[in-house]
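Colleague: Hello! I have just opened this entry and would like to learn how to read it. Could you take me through some of its features?

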Amino acid sequence: MMKNAVIALVSGAGLGAAAAAFVPGAYASSFWISALLLSVSVFILICAWRWGGGQKGLAAMMAAAFLVRLVFGIGISAVLPVYGYDNDEQNAGYLFTDAYRRDDEAWGLRLNPGSLWEVMRSEFDTDQYGGLLVLSGIVYRGISPDAHRPQLIVMLGAFFIALGLPFFWRASRALFDEKMARAAGWIYALYPDGILYGSSQLREPFMLGLFAIGFWAVCDWKNGARWKRLLGFGLAAAGMLLISSRIAVMALLALAVWFWVIHTSPRQKKLSWLGYAAIAGAGLALAGIFWVWLRESLSWDMTLAVQNSGWVAKLIEGRPRVFQMGFITIYGLLRPLLPAAIADPSNPIWKTIAIVRSAGWYALAPFLLYSPLALLRAQDRAERRRMLVMVITLLVWVLISSLRAGGDDWDNPRYRIAFLPWLALAAPWALAKARAARDAWLARLIAVEVVFLLFFTNWYFSRYFNWFGRLPFWTMVAWIVALSGLIVVGGLVWDARGWLARKFQKSK
């Protein structure tokens with residue numbers, strides 16, 4: 001314990017000294033405040049790492065998750081006022097308008113003479129639920145009343161993301177093996193949108209870290225003292241509900257179904273069906289509440305998608321409502337669009353961010369698309385049952401995110417990463433199943449994606465730079481569908497040919 005404390009103090013002092021150069025206020029005060037927060041964070045992370053097993057690979061993941069968000073989050077706050085767009089939030093060093101407004105209101109709470117917890121019962125201009133607003137207010141009132149230091153919330157978010165890793169690691173190892181846990185852990189730590197949203201004063205880093213803790217409690221329920229798992233799950237659930245109750249309800253429902261599936265034997269049919277019926281009933285009730293929220297915001301989000309893109313407006317103008325919803329949903333699934341990010345002659349900082357996060361989504365998407373086929377390749381029945389819950393949850397949630405936020409390049413991916421730990425686990429699992437079965441369908445799905453990207457790259461470059469001849473949009477879509485269909489049908493024919501050849505050999 002003493003060794004951990006010494007390491008934490010030295011690391012916190014070093015990181016605090018570097019961070020203080022970019023934190024507002026007097027350097028000495030900024031140093032002590034940053035060093036205090038970072039030393040406590042590092043100490044807890046070291047203890048969590050040892051509890052998680054103490055592997056070098058886990059330490060590297062946790063360090064990467066923590067430091068990347070610290071460096072990016074604090075660095076971007078210094079760069080945006082100089083090289084970002086000329087608006088209030090970027091002039092103040094914030095990546096997002098939501099973060100700027102909430103954090104500014106939280107800074108004002110330090111002057112509130114009443115209890116900060118009373119704020120939870122108030123109406124908010126910047127925070128739907130109040131949890132993150134109150135947490136930020138506690139930080140500013142408690143350790144930074146002399147100057148507004150938004151970077152402290154970035155430090156806290158980086159800590160929560162990193163704290164989730166040893167729990168996610170243990171859950172992944174319990175389900176599969178260390179190799180799978182390592183791959184999933186690195187995706188969790190370095191997925192571009194996870195870094196982008198996790199390096200700002202937003203709910204995502206807190207929600208993701210807490211979800212990882214809840215996931216461990218559910219997976220590891222039978223492997224130790226249950227009161228510890230119950231305590232971990234309870235704290236994680238309470239934290240998520242305080243920060244974002246609607247997202248938390250969906251996450252907790254998914255974890256409840258997961259718990260039932262992995263801890264109930266398929267042979268306990270009567271008990272299983274009773275449980276499934278109860279969960280289905282709760283799910284329908286929650287779905288009704290969720291649909292009201294979705295319906296209220298859907299029209300507005302569709303309007304924003306049309307306003308933000310003139311060519312989208314032209315393509316869906318005068319079309320039936322169902323067509324418009326379908327188009328915006330598909331458009332949302334493709335966002336952030338990599339060819340558009342590459343071709344768009346925008347601000348260099350935001351262009352770089354757009355390219356990196358788009359590349360991350362398009363690298364992950366084929367594995368998510370392949371995951372239903374991977375279920376057919378799973379030989380173990382228990383594995384297939386639990387992964388069925390994960391795959392369906394992810395596919396439905398990605399679809400809901402696209403329907404809810406449409407073609408918005410910010411809210412859509414932000415909702416999408418609510419289940420980042422499961423996305424991080426499903427991708428290497430799907431790859432492992434494809435390799436084990438020597439299944440060509442993953443490669444075929446990647447080929448379909450390449451066709452899509454090539455056509456849209458040509459379309460965007462011809463649009464912005466007039467480098468190539470541009471096909472009419474629906475003609476281009478027809479070519480993409482035709483070539484993709486050729487890949488799919490060709491794959492089916494090839495597989496049928498192989499199956500017939502094997503049957504013929506056996507008949508001999």
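Colleague: Let me begin with R414 and E204: are they buried or exposed?

Modeller: Both R414 and E204 are buried. Please keep in mind that we are looking at a predicted model.

Colleague: How do I read a pair like that?

Modeller: The general idea is that side chains of opposite charge can pair when their charged atoms come close. Here R414 and E204 meet through their side chains in a salt bridge, at 3.1 Å from N to O. The pair links distant parts of the chain, with R414 in helix α19 (residues 411-416) and E204 in helix α10, 210 residues apart.

Colleague: Which residues do salt bridges with shared partners join into one network?

Modeller: That network consists of D98, R203, E204 and R414.

Colleague: How many salt bridges does the count come to?

Modeller: The count comes to 12 salt bridges. One of them joins D193 and R357, whose closest N and O atoms are 2.8 Å apart. D193 lies in helix α9 (residues 192-198) and R357 in helix α17 (residues 348-377), so this pair ties together parts 164 residues apart in sequence. Both D193 and R357 are buried.

Colleague: Why does D193 count as buried?

Modeller: D193 counts as buried because its relative accessibility is 0%, and the cut-off for buried is under 20%. Leaving out residues up to four places away in sequence, D193 touches G198, R357, P413 and I417.

Colleague: What about the salt bridge between R173 and E178?

Modeller: In that one the closest N and O atoms are 3.8 Å apart. R173 has a relative accessibility of 34%, so R173 counts as partly exposed. E178 is partly exposed too, with a relative accessible area of 30%.

Colleague: Which residues of α11 are buried?

Modeller: In α11 the buried residues are R229, G232, A236, A237, G239, M240 and I243. These residues cover an arc of only 165 degrees around the axis, which means that they sit on the same side of α11. On the other side of α11, the residues W227, L230 and L235 are exposed.

Colleague: What covers the buried residues of α11?

Modeller: The cover includes α6 (131-143), α7 (151-175), α10 (204-219) and α12 (245-263).

Colleague: My last topic is empty space. How do I find it?

Modeller: Rolling a probe the size of a water molecule over the atoms shows where empty space is left. In this model the count comes to one cavity of 30 Å³ or more. The largest cavity holds about 100 Å³ of space.

Colleague: Which residues line the largest cavity?

Modeller: Its lining is made of R203, E204, M207, L208, F211, M240, I247, A251, R414, Y415 and A418.

Methods. Residues are numbered from 1 along each chain as its sequence is written. This is a predicted model: local features need pLDDT of at least 70, side-chain atom pairs count only at pLDDT 80 or more; totals for chains, interfaces and linings use all residues. Side-chain values use heavy atoms; hydrogens and water are left out. Buried means under 20% relative accessible area, exposed over 50%, partly exposed in between (1.4 Å probe, protein chains only). Helices (H or I, at least four residues) and strands (E, at least two) are DSSP runs, numbered from the N terminus. The arc is that of the directions from the helix axis to the C-beta atoms. Contact means heavy atoms within 4.5 Å. A salt bridge is a side-chain nitrogen of Lys or Arg within 4 Å of a carboxyl oxygen of Asp or Glu. On a 1 Å grid over the protein atoms alone, a cavity is a set of points where a 1.4 Å probe fits but cannot get out, and a pocket is an open set with protein on both sides within 12 Å along at least five of seven lines; lining residues have an atom within 4 Å of a point. Grid points are joined across faces, edges and corners, and a volume is the space filled by probe spheres set on the points.
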